Amino acid sequence: MVKKLLQKKILMHQIGLISKPSNLSIFQSFNFLINLLFSVLCSLFINYSSAQNLNLGEIHGNFQTDVQFYNPDSAIGAAPVPQKMLENSFLNVVYTNGKFSAGLRYESYLNVMQGFDPRYKGNGLPYRFASFKNEKLEVTVGNFYEQFGTGMIFRTYENWGLGYDNSLEGIKIKLTPHKGITLKGVIGKQRYFFDYGDGIVRGADGEINLNETFVKLAEKKTQIILGGSFVSKYQADNDPIYILPENVGAMAGRLNIIRGKINFYSEYAYKINDPSTINSFIYKPGQSLLVQTSYSQKGLGITLAAKRIDNMSFKSDRTATGIFLDINYLSSLTRQQTYNLASMYSYATQANGEMGLMGEIMYKIKKDSKLGGKYGMLITFNYSRTNELNKTLLPDSTYMGYESNFFKVGKETYSQECNLEINKKFSSKVKATFAYLYQEYNKAVVQSAANVGIIYSHIGILDLSYKINDENTIRTELQHLYTKQDNGSWAMGLLEYTIAPNYFAAVSDLYNYGNENEDKRLHYYSISAGYMKDALRISLSYGRQRAGVFCVGGVCRNVPASNGLLVTITDSF
Amino acid sequence: MIISVPFIIYYKLRTMIKNILSLLFICQLSITALAQEKNHKLPAVDVKTLDGKTFNTANFDNGGKPIIIDFWATWCKPCVKELNAIAEVYEEWEKETGVKVIAISIDDARNMAKVGPFVNGESWDYDVYIDSNGDFKRAMNVNNVPHTFLLNGNKEIVWQHNSYSEGDEKELLAELKKLKAVKKN
């Protein structure tokens, strides 16, 4: 049989069907030898190391897949999806061995789920890195995430669930030359879906903790931390008409003073002129200031913050829009909401300009007091307000744009919120959260929505849980949003049953009963169930999802209405 | 024609040996991996203390006793519930097992300033650190919060759990007790 095959092959060689092994084979056999040698060496090494119990390093990672099956549902405005099902997944794998680590993330979008940017298309490895670290030095090559201060001029991070990833690919160096001193340097190009943005980003940051650095100050009650950074982006100017700055620099300084229960933090940033699509190509420089103070002791926490942002959108491509190619991060001062109806009108920072302030007080009424009962009671009050900048348009508004008085607040309200939340445990079985919110939300500005001005809403929430026994708990959420604007009032009910530590099931309905248009008084029902074990979590949910803005950690994306089954699997290993 | 015969044999042999070798290599790798299946060590990443100091996670220490690491955020209701549930029994657990709870807040610049007042407001006695850009979260492969890890006395991860439902702390305590039992043996 073998002979026959051989003869056949030889025949094929003769008639030229298979290329003859030629001189190339010398190279190939060399390759083969190398392979052989490598395999033997590896086997030896493994045997040796297992015998010696040498550290081979570790492999770990995590995984998530979201698969959504879509039903067309014209009532809620969910258009048919030609693929019927869409999928978003990723897998992170990291290898670490002592001071060395390397990793990559595989991402798959076949096709990307609705509500994400369709430019996430297909599969790829948009994240890979290698790094080593010792006490004084850390070097990372490949993709990395980093933040200077609060991120006012530089922050790269990812939030896969929101389709947000502005990692830099390049080199990052972190130095700790002396206790209390950290120096960082970064250079790279930003991730743009499965490609890179046009610009190059360079930056450096230094931070010094005076008390840690200088022995004399070590015992002082007042702690001072100072920081400063400089970031610059380069993008060629190919514009036929305008002369655009190819190098745009931004600098920031920060100060943190801590004394006992008081913590003061302030950061200021300045950016030279940076005409871009976001600021309508004006040549005005940008600046931003954040001041926050907190006082806290056991049972009491107070936070006050104020900020001013003026023309601070900073992207590595001047033509980029949306949540892509951001070099900096401008956080919002509004409270980050937990409940569905409270987050229906979520404010997002206006990078072109805003002035805001926020105050929050948390107070825990002690156990065994009249109000506190057996377990105590926690009261949280939060107030926040954001307005436009005071702006005077310049005669040639296309060049410098406008003038603005630094300390004057503009008239138009962007958002305002009063929020009172009470958490109380009544007995070992019953826990409750009550919340009342008053919100003003400028939809015209935040979502660039026409025909809608400010939405005034009152929201009430009751979250009640009853622990049947050690494993079984039943929880209900009742929420109501009252407004005369936009889509009118909403009500929501949720019932959840959990069996610790492995199972949960829930049903919910969101009802837009107050819609002026009777045909749009719709129910958004949903049922879900899940299984958890260790790091594994599998969940299924079926139902309708309303169209809206979905936000986590200050980044928001628009989610269209949908109807169907969503399967999510997450795991870590 | 005759010249090509040895080449073909050589090729055949080469592929065969190569296949066998790679198979062996894979087998050996997996066997070694299985034989050596050990718990992950704590990664070394910089986080911040509540008073703004940089702290390396490799320096988390509880003098050879177990550590619980809990990833949370001020806006995450189940996280706060879990930390409150543990707070109620923390003293007991400490006495019984010597365990220490380290709470890692993943709040970013938006809520960072609130973390200290929040922890005090809740009257928690945990060691709290801020991981505002998710460096430690990524190094620990955390998908969502809350995510809880249990570390043994050698600071190796022996158990983890994602999400929180009321009563989950019971499983955590059982795992803690298992550690104690192992130590006794």
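I count two residues as in contact if their C-beta atoms, placed from the backbone, lie within 7 Å. With that settled, I opened the model, which is a predicted one.

**Entry: chain A.** I looked at contacts in chain A with a separation of 6 or more, and found that residues 24 or more positions apart account for 54% of them. Next I checked the secondary structure of chain A and listed four helices and 30 strands. I then asked how much of chain A is buried: 34% of its 573 residues count as such.

**Entry: the cores.** I searched for nonpolar cores, and the largest has 40 residues. The residues with the most contacts inside it are B:W72, B:A73, B:C76, B:C79, B:I104, B:V145 and B:L150. I traced where this core comes from in chain B: among the elements that each supply at least two residues are strand 4 (67-72), helix 2 (77-97), helix 3 and helix 5 (168-184).

**Entry: B:V145.** Leaving aside neighbours within four places in sequence, B:V145 touches B:F71, B:W72, B:A73, B:C76, B:C79 and B:I106.

**Entry: helix 3 of chain B.** Which residues are buried in helix 3 of chain B? I noted B:A113, B:K114, B:V115, B:G116, B:P117, B:F118, B:V119, B:N120 and B:G121. That is nine of the 10 residues of the helix (residues 112-121), so it is largely enclosed by the rest of the structure. Just after helix 3, I saw that B:S123 takes a positive phi of about 60°.

How values were computed. Residues are numbered from 1 along each chain as its sequence is written. Chains are lettered from A and ligands numbered from 1 in the order in which they are written. This is a predicted model: local features need pLDDT of at least 70, side-chain atom pairs count only at pLDDT 80 or more; totals for chains, interfaces and linings use all residues. A residue is buried if 20 or more other C-beta atoms lie within 10 Å of its own, exposed if 12 or fewer, and partly exposed in between; C-beta atoms are placed from the backbone. A nonpolar core is a set of buried Ala, Val, Leu, Ile, Met, Phe, Trp, Tyr and Cys residues joined through C-beta atoms within 7 Å.
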